[in-house]
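Please keep the model in view while reading.

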There are 2 protein chains.
Amino acid sequence: MKASDQKTADGILFTDQYELTMAQLYYRQGIHETPVQFDHFFRSYPDYGGHKAGYCINAGLEWLLDWMRDAHFRDEDISYLRSQRGSTGRSVFDEDFLRWLKNNGSFETISLHAISEGRVVHPNVPVTVVRGSLAMAQILESSLLNHLNYQTLIATKAARIRETCEGQLFMEFGMRRAQGKGANAGARAALIGGADFTSNVGISHVLGFPPKGTHAHSMVQVFLARGMSELDAFRSYAEVYPDDCLLLVDTINTLESGIPHAITVFEELKKKGHKPKGIRLDSGDLAYLSIQAAKMLDEAGFPDTSITLSNELDELTLWQIITQIADEATRYGVDPEKLIKRSAYGVGTKLITSAGDSALSGIYKLVSVWADGKWLPTIKISQTLEKTPTPGNKQVWRIYDERNNATADLLCLDDENPHEVEELSLFHPSDMTRSRVLKRENLKGLEPLLVEVLRDGKLIYELPSIQQIRDQRDQDISRLEAGIRRLLNPHIYHVSLSRRLAELKRELIKRFDQNGGQNILHGKSERRKSQPGG
Amino acid sequence: MKASDQKTADGILFTDQYELTMAQLYYRQGIHETPVQFDHFFRSYPDYGGHKAGYCINAGLEWLLDWMRDAHFRDEDISYLRSQRGSTGRSVFDEDFLRWLKNNGSFETISLHAISEGRVVHPNVPVTVVRGSLAMAQILESSLLNHLNYQTLIATKAARIRETCEGQLFMEFGMRRAQGKGANAGARAALIGGADFTSNVGISHVLGFPPKGTHAHSMVQVFLARGMSELDAFRSYAEVYPDDCLLLVDTINTLESGIPHAITVFEELKKKGHKPKGIRLDSGDLAYLSIQAAKMLDEAGFPDTSITLSNELDELTLWQIITQIADEATRYGVDPEKLIKRSAYGVGTKLITSAGDSALSGIYKLVSVWADGKWLPTIKISQTLEKTPTPGNKQVWRIYDERNNATADLLCLDDENPHEVEELSLFHPSDMTRSRVLKRENLKGLEPLLVEVLRDGKLIYELPSIQQIRDQRDQDISRLEAGIRRLLNPHIYHVSLSRRLAELKRELIKRFDQNGGQNILHGKSERRKSQPGG
């Protein structure tokens, strides 16, 4: 795309057409400046097919805020909207509305609360809460979801990979398989969720990380094409990068050529006083080959060199490789624990695309409207109670049990303070006849998760660094039960409603549902509602 | 991301670190300006899990060319590279190399041949061929793959959806679930592959298409929250867009509320001389509901209004819906053909993420090196012959049979001209003992697919418009056998080597493989090569 076009495509027109046609309708109705509140949340954890996440890692907020700050209707944007024609040739957008957009069409009046990046988040909990004029809060929808859905999806996948590879080095390598420049958002989210580094140079620069990577098969191949050998290629590499010599050993044959050649070069480096870095394996049975590589490197006197694995890795494949190493290494005279400790992982395609579930189901729903000097909660009635969002202006409280583990997220109305009560009633969010009671004295803490970020467009939140975001992630994950953290079939984390919120939800369902909530509250679903194959 | 950072992240540093460390090694070796040729191709069709594509639609070239034209090492980029430190604190990149990058680090000397966008393409066929200095051709790799992999992936998915919905209106709705700004590349690719329009406003502007979309559930909800009704919402919409009135009817209850209210509004519009557009269904059993909707609209005298379906659609779900309509509509007194003809489809998440297979396996392999005044073909030996790329400088010829259907792609050396021979020998690309012979007299045509695009960085190719690209797509698809076009279990399209190319490949395998090609040419694979779970 040309640079000038990019400004158009990435600016305020980075939205769906219906946001603009709805905004004009609100303008015609004279309600475009009515304050409203939209909640952003996601409906379910990513399900990778046979395995499902037990928690998500929130990410994307800072880049959304950057976009909101810069996005505005430029003259070119207005001209383009002016040129749009409906089916009879009439302008889609009228001049008065375009004038309003030109003068008022920015996010400078939006207020925003959000759960911070890096925090553990769960379905049906408001992660981002937008208050602003109906027209601009509506126009924001598409871009907000785009910014937050993808980074949260990838931070979540990265967290799962991080859980699997524990403290070992984990690098993001996926640029070439990402959705165009989405590679940059993916790399950032991977760094937030669990990757130590990325191979993506530009985004590393922007975020202040050293990019990682050494060489590809093509380097060895260049030497072969010139009538030279793999050993020549490795020697040249070692000459240029004597203290960062990590060699890809599978271009010809890993065990018969690559590793022996690497060892030769490592010996030469050692003689010159350099410490060789290690090797990378990018094909074959990575568990078996890394055991053999460790054996050969150990025997040659290089027990500290690292063994980096790459090639279509994800959390399950990694888990299997690590398990196989633990089971089999001893048989070959290799200490499995030492081998696992010297391992590093490069994860590409399956991380950057969240293979298995390539989209997060984040949505954006109207929850209250300002009228007659107060907020009126509102509700979108869905086919089932599970899909019916929770109305009103809310705060999310994370409840920590006596062991200081997060035990539930409690959604309250924003004027409720659970600190003030002796007992907390937790209502099931979609079966509001069910509740349980927690005594305050048995709880270690109650933490409000939504923090104020934008007040009338002004940033009043100190944006954390990536490192601070990661620390938050580590802290949050460490306070999850092991069952929630499990890779396969994780235990379900509880998200509950306060009594007042449950009552409000019931009442609004009765008021807004055409059957007075008969069906939805009593589990009778409309006939043939489910979609074939959907 | 901040705008200034975006320039950094999207510019020439939009590459992987190892491309730069290899480039410096080539510089040290004095071979950085050696002309080389890399082939870009993909190894297999997308496999969505249970169903696999039988062809791909090529896309992404124009945006790659735009990126190449603009990308260069700015002073800031050089400063950043200068600041990179290795593990001992020494600079990763030396001043002389940085000076070379600053002065020569652009794609102005790259020559490029490619298969045009919109063309049907197959695995293991060179789609893009890059000739240039070793250093810059290497640095280009990551971004080239990023640009071409994703757009081809999405154009292919869109083509499958287009096959399913035949001539009906098909719109791309996926921005909110894309990888950040990758949404724009995805929308372009969808338009190339088969979508008529996209809801993405900015990219529609850039590409000269009207964006599509009417309203969301939230519009109806705003009216409900204000104590008004769905009918009020529809009336207001009709007032603002009397000639483009397409109403989303499932906010409350499709059959009992949405469609009756839409009909009321359509009647009012009709009285005022307007032609109502139609309705959209976004939940429930879309096949059943569209039959009922058609029945109600027919009975009310609106047989020409359209019925747009959306909600987690992909080619298989669409196929099932259309089949169900064909099977069941008559039972309800609805003509299935008429109903299918009035249907339109909005496809979001599953198109923009290519759900089921979220990445294309495009790769970039060195195939020849300039030495002693001529091109020396080279080869990367892989574990199997299937994965071993075809060496040398090649042309791809598409062979059309007597019915003018594409019957095979034949890879030849670039100095071969299949027009000059009476018989064409087609060798199997990975079992070169197998071949077949086609007589020229039985063929309708032979078409070279690779066209010259860049000569020493200069564009010498007329970039087609999106409409021309689509016409090319239609023409190519129409010349595929029905078996190749099938959604499920498609027939395999033949990609073959010319005799000379097959001989060259055999010879190079013997020369470069450490066992003289013993294993690879005779199908003996190395022990335990396949990866667990991979």
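## Burial along helix H4 of chain B

A residue is buried if 20 or more other C-beta atoms lie within 10 Å of its own, and exposed if 12 or fewer do. By that criterion, in this predicted model, helix H4 of chain B, which spans residues 75-83, has B:Asp77, B:Tyr80 and B:Leu81 buried. Seen down the axis of H4(B), these buried residues fall within an arc of 95°, so they line one face of the helix. An α-helix has 3.6 residues a turn, so residues three or four places apart point the same way.

On the other side of H4(B), the exposed residues are B:Asp75, B:Ser79 and B:Ser83. The cover over the buried residues of H4(B) includes H2 and helix H5 (95-104) of chain B, together with helix H8 (201-207) of chain A.

## Contact between the chains

Chain A puts 118 residues into the contact and chain B 117 residues. On the side of chain B that touches chain A, helix H2 (residues 17-29) of chain B gives the most, with 9 residues; by class, that side has 50 polar, 46 nonpolar and 21 charged residues.

## Domains of chain A

Chain A is divided into domain 1 (8-71 + 106-155 + 360-521) and domain 2 (166-352), and 40 Å separate their centres, taken over C-alpha atoms. The contact takes 15 residues from domain 1 of chain A and 15 residues from domain 2 of chain A.

On the side of domain 1 of chain A that touches domain 2 of chain A, the elements that give two or more residues are helix H6 (134-165) and helix H16 (466-478) of chain A, and the residues of that side divide into 9 nonpolar, 3 polar and 3 charged.

Note on methods. Residues are numbered from 1 along each chain as its sequence is written. Chains are lettered from A and ligands numbered from 1 in the order in which they are written. This is a predicted model: local features need pLDDT of at least 70, side-chain atom pairs count only at pLDDT 80 or more; totals for chains, interfaces and linings use all residues. Two residues are in contact if their C-beta atoms, placed from the backbone, lie within 7 Å. Helices (H or I, at least four residues) and strands (E, at least two) are DSSP runs, numbered from the N terminus. Ala, Val, Leu, Ile, Met, Phe, Trp, Tyr, Cys and Pro count as nonpolar, Asp, Glu, Lys and Arg as charged, and the others, Gly among them, as polar. The arc is that of the directions from the helix axis to the C-beta atoms. Domain bounds come from an automatic or database domain assignment.
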